[in-house]
Every structure is written in structure tokens, then in C-alpha cells.
Amino acid sequence: MLLSRRQRWRRWRRSRPFWGGLFAILAGAWICVLPLAPLKIMLQQGVAGIPSVLMGIVMVVLGLTAWFSPPQRGLAGVLATLIATAALVLSNLGGFLIGTLLGILGGGLMFAWQPYAAQRADGGTGAGTGAEPDPAPVPAPAAVAVAVPASDKGRAQDLDETPVPAPAPPRASAPVPPRSAPPPPTPHSDPQGAQP
């Protein structure tokens, strides 16, 4: 069954930190384009505008990295946040604070994104996530002792195929508290010799 274009888009978007990458790309574009604005808007010009363009390009690359290589999202998120913070000082107040705020938000979203987080929030049902559920863990098979009939015992000894019994699971024994027996009653001794 072929999925519709909308379902494919939704599945692609949910399988990666989409919003974090989008905010990082927008922040990079804003920081990169702002030095190309007219001189009345620009605070830095000439060679001083080169860091702005470079930081913007790196932010766009980090956003695309989060989209197309989700396992690298942690590093991309941290770097996007650091570059957005550095842009505050090096690039027109970080694109007049808009680029810095978008970059910090995008970096945080990239770093915090976890695969199948919505599925875990649903209790593992996967309702509405569009992602396949995690497979249930398969328990390891236990060793089983095979009983050899009496007629095959000689053959088993010849081939060194003696059955190995399964090890018994260790039993946890609760510690027994020590008994504190009361001391035996002593006969009443009266110094004057009177007995009770």
C-alpha cells in the first residue's frame, strides 16, 4: 500500500528534530542576510561583516545536519546554541536578537529531541505517531536438561554427550535476625536469708 504524500511527509518530519533544525536554519539565514542590508540598518560593515555571514552559513549547515543526520543532533544542537550566543557579540547583536533567540531555541530543540518520544508518551501504543512500535524484548532461552534413556546412556558416554543440568537460580534468603533470648530467671537471693 502506497502512502500518500502527506503521510510520507509526516513520517519523515517525526523521525528527526524537524522544528529544531528549522529554527536553526531560520536563525542562520537571518544572521547571514542582515549584513547585506542597507547601511542604515547594518551596525557593522566591510570586513567586520564576514563573521556574520560565516556564522549564518554554519547555523544553516547545523540545521540541515539535524534534518539529514539525526544521530548527530546532540552535537549540532550544542554547536548551534554556542554559535547563536557568539553571534550576539560578533554579528549585529545576533541579528538584532532575533537570530540569537531563534538559534538558541533551535539548538535546544535539536539537543532535546528523542526518537519515539511521542510513542513512549502514549504508553507504547504508538497511536497517532506514524512510527512503528519498538519490538518487545525476547527473553534468553534457559538451559534445559535432556533425559537420556537407559538404552542410549552408553552411546552418550561414548560421544561425550552427557546431559548438563540447568543451573538452579540463586535463591535470595532473607537474613535471619538473631534471637535475643531473655536471660534465665535467677533465684532471688536475699542477704539476710529470707526466701520468697
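Predicted model: local features only at pLDDT ≥ 70, side-chain atom pairs only at ≥ 80, totals over all residues.
Residues are numbered from 1 along each chain as its sequence is written, and side-chain values use heavy atoms, with hydrogens and water left out.

**Nonpolar core**

- The largest nonpolar core holds 13 residues. Such a core is a set of buried Ala, Val, Leu, Ile, Met, Phe, Trp, Tyr and Cys residues joined through side-chain atoms within 4.5 Å.
- M59, L62, A80, I83 and M110 have the most contacts inside this core.
- Two or more core residues come from each of α2 (18-33), α3 (50-68) and α4 (73-90). Helices here are DSSP runs (H or I, at least four residues), numbered from the N terminus.
- α4 gives the most, with five residues.

**Helix α4**

- At 1.5 Å a residue, the 18 residues of α4 should span 26 Å; the end C-alpha atoms are 25 Å apart, which agrees. The expected span is 1.5 Å times one less than the number of residues.
- R73, A76, G77, A80, I83, A84 and A87 are buried in α4, meaning under 20% relative accessible area, with exposed over 50% (1.4 Å probe, protein chains only).
- Down the axis of α4, its buried residues fall within an arc of 135°, so they line one face of the helix. The arc is that of the directions from the helix axis to the C-beta atoms.
- L75, L82 and V89 are exposed on the other side of α4.
- The buried residues of α4 pack against α2, α3, α5 and α6.
- N92 follows α4 and has a positive phi, near 50°.

**Helix α6**

- For the 15 residues of α6 (residues 98-112), 1.5 Å a residue should give a span of 21 Å; the end C-alpha atoms are 21 Å apart, which agrees.
- Buried in α6 are G99, T100, G103, G106, G107 and M110.
- These buried residues also fall within an arc of 135° seen down the axis of α6, so they line one face.
- L101 and A112 are exposed on the other side of α6.
- Cover for the buried residues of α6 includes α2, α3, α4 and α5 (92-96).

**T100**

- T100 sits in helix α6 and counts as buried because its relative accessibility is 4%.
- A polar atom of the T100 side chain lies 3.1 Å from the backbone oxygen of A84.
- Beyond its neighbours within four places in sequence, T100 is in contact with A84, A87, L88, L93 and G94.

Note on methods. Contact = heavy atoms within 4.5 Å. Polar contact = N/O pair within 3.5 Å; in protein donor to acceptor, adjacent residues only side chain to side chain.
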